[in-house]
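Please look over the sequence and the 3D view below. This report then takes them piece by piece.

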Amino acid sequence: MSPVLVWLVKCIVIYGGLITVAAAMSLAERKVSAWIQFRIGPNRVGPWGLLQPLADGVKFIFKEELIPEGANPTLFRLAPLLSAIPAMLAIAVIPFAGEFSILGQDMGTLSIADLDISVLYVIAIGGLGVYGVILGGWSSNSKYSLLGGLRASAQMVSYELSLILCILVVVVLSGTLDLRQIVADQSGAIWNWNLFALPVGPVAFVLFVIATFAETNRHPFDFAECEPELVGGFHTEYSSMKFALFFLGEYCAMTVMSCLTTVFFLGGGNVPFWPEAPWFMQLGCFLTKMGFFLFLFIWVRWTLPRLRFDQLMALGWKVMLPISIVNLFVTGGLLSLGWF
Amino acid sequence: MVIVKRKELSFSEKLYLPQILQALSHSLRAIFKPKITRQYPEEPLQTTEVTRGQPRLALLEDSQNLACVSCGLCEAACPAYAITIDGQETDRFIEREPERFEIDMLRCILCGFCEEACPKDAIFMSGELELADFTRAALVYDIDKLKRPKEKLQKRIDYFYQVNNRWRKPSSTS
């Protein structure tokens, strides 16, 4: 097969998978939240409620699209795209598994692109996500949306610092900006994972997970939405497929962040103690780890109450940022002393 | 003035992570606990004789004629003006029966005053609660929709006498 065709197939499979995971997450979110509250959750559409995302999609498509009076129509239409597309783009460099072949055809590695600066790419694309939120809030010409957008952008910018500093710890440990190299660096035994790179690994891991929650605007940091105070936040004025796009963006961002946590700290597709595992085992291992973090997103949502905004800012700037910086310096110091 | 002394938090409490893990384990355990959801259309609400549902007209033992003699007491007692009765004469022993007996279920507040007012044990609050239709007119129930064999209402009738025995004696016709 020609390389272009191979690349096209990978694109379709991986993006199709991403959309499917996002759709499944919308069902899982409702199911798990129901279980935690002693309820059953959606079970009417299809067996076990499995067709609920499809029903939701059909409903979204047939809803009327409204653009509020006084809104900026161009930016109003652009904002959902700016929210969804960057979230999806980052999946392109995630190394799900190593070399693989189907029906004897060599398909290369199981990721759309193997950049040697993929960490940089992920950070850059991830930083774009804030535009969708702030533009959506601002262009709606609604005070609640504007407040939600402002708060979310302030939060995303401040937590991105800690997020990137935690990624830098991993980059220092692995000595590369290539996600695939970072994964390869953690192969073999389970204690090769960056999570267990004592003493800095666990600290970076915890900070990274907290920062991903803030980056994706999830509980307990969901200041973008804040249903009780802001009647929905930045997407208050959105309806129909535009609203769905914001949600798609949120779920894609969650999926990407789960993938990144897996890659950076849990050894990506490495099967513990089995470095030469076949590609489908690697993929399964990757998806299991990713699934755990996706579940964690929902699990935390129904466990922790939302922070107050000043608490959020205090946590971001006074606690997480100093710890991240110290953590990074300790990593560098230990590395120069030959600890790792 | 009250000076509230705030408790000094220990290091692990300031870290919040142990508490967060505790809370997570709590909500994880909740997932596996039995569910309290009732699957409504398949599992209807369990009603007892105490349930004060929609009023229904009791038939006599012959399952043909209503016990109602169209005296109009329930119509007068109804605080929501939901009941409309037109009476007519009959050759039967009780001499009068309703020609028209309508309860506007959209007006009915299920208070049970009609049941208490009735001297002939003709109207009782049944356990039926479901009320849905496409037009308002269809929710004005006439005799055909209201009449129930006495056996269906027997539990309610027994309960009614049990609580009212102190001041009420069984009526002669029932």
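## A glycine in a loop

Is Gly232(A) buried, partly exposed or exposed? It has 17 C-beta neighbours inside 10 Å. A buried residue needs 20 or more, and an exposed one has 12 or fewer. Gly232(A) therefore counts as partly exposed. Keep in mind that this is a predicted model.

Where does Gly232(A) sit? The loop between helix 8 (227-230) and helix 9 (240-265) of chain A holds this residue. Now look at Tyr144(A). In sequence, Gly232(A) and Tyr144(A) are 88 residues apart. In space, their C-alpha atoms are 8.0 Å apart.

## Helix 9 of chain A

Follow the chain into helix 9. Helix 9 of chain A has 26 residues. From first C-alpha to last, helix 9 reaches 38 Å. That is close to the 38 Å expected at 1.5 Å a residue.

How many residues of helix 9 of chain A are buried? The count is 23 of the 26, so helix 9 is largely enclosed by the rest of the structure. After helix 9 of chain A comes Gly267(A). Gly267(A) has a positive phi, near 75°.

## Chain A as a whole

Chain A has 11 helices and 2 strands. Along the sequence, its pattern reads α-α-α-β-β-α-α-α-α-α-α-α-α. Of its 340 residues, 45% count as buried.

What is the radius of gyration of chain A? The value is 20 Å. A compact globule with 340 residues would have a radius near 20 Å, so chain A agrees with that expectation. Along the principal axes, the C-alpha atoms of chain A fill a box of roughly 60 × 50 × 45 Å. Consider next the contacts in chain A between residues at least 6 apart in sequence. Of these, 78% join residues at least 24 apart.

## A sheet in chain B

Chain B has an open sheet of 3 strands. The strand order is 2-3-5, and the pairing is antiparallel. Which strands stand at the edges? They are strand 2 (83-89) and strand 5 (140-141) of chain B. Each has a single partner strand, so one side of each is left without a neighbour in the sheet.

Strands of a sheet pair through backbone hydrogen bonds. In chain B, strand 3 (residues 96-104) and strand 5 pair in the antiparallel sense over 2 bridges. Ile103(B) stands opposite Tyr141(B), which lies in strand 5 of chain B.

## Two positive phi angles in chain B

Most residues other than glycine have a negative phi. Ser70(B) has a positive phi, near 50°. This serine lies in the loop between strand 1 (55-58) and helix 3 (73-77) of chain B. Ser70(B) has 23 C-beta neighbours inside 10 Å, so it counts as buried.

Asp121(B) is not a glycine either, yet its phi is positive, about 55°. Look for Asp121(B) in the loop between helix 4 (113-117) and strand 4 (123-125) of chain B. Is Asp121(B) buried or exposed? With 20 other C-beta atoms within 10 Å, Asp121(B) is buried.

## Where the chains meet

How many residues of chain B are in contact with chain A? There are 11 residues on the chain B side, in contact with 9 residues of chain A. The residues on the chain B side divide into 7 nonpolar, 2 polar and 2 charged.

Conventions. Residues numbered from 1 in each chain as written. Chains lettered and ligands numbered in written order. Predicted model: local features only at pLDDT ≥ 70, side-chain atom pairs only at ≥ 80, totals over all residues. Pairing = 2+ DSSP bridges. Helix = DSSP H or I, 4+ residues; strand = E, 2+ residues; numbered from the N terminus. Contact = placed C-beta atoms within 7 Å. Nonpolar A, V, L, I, M, F, W, Y, C, P; charged D, E, K, R; others polar. Expected span 1.5 Å × (residues − 1). Rg over C-alpha atoms; globule rule 2.2 N^0.38 Å.
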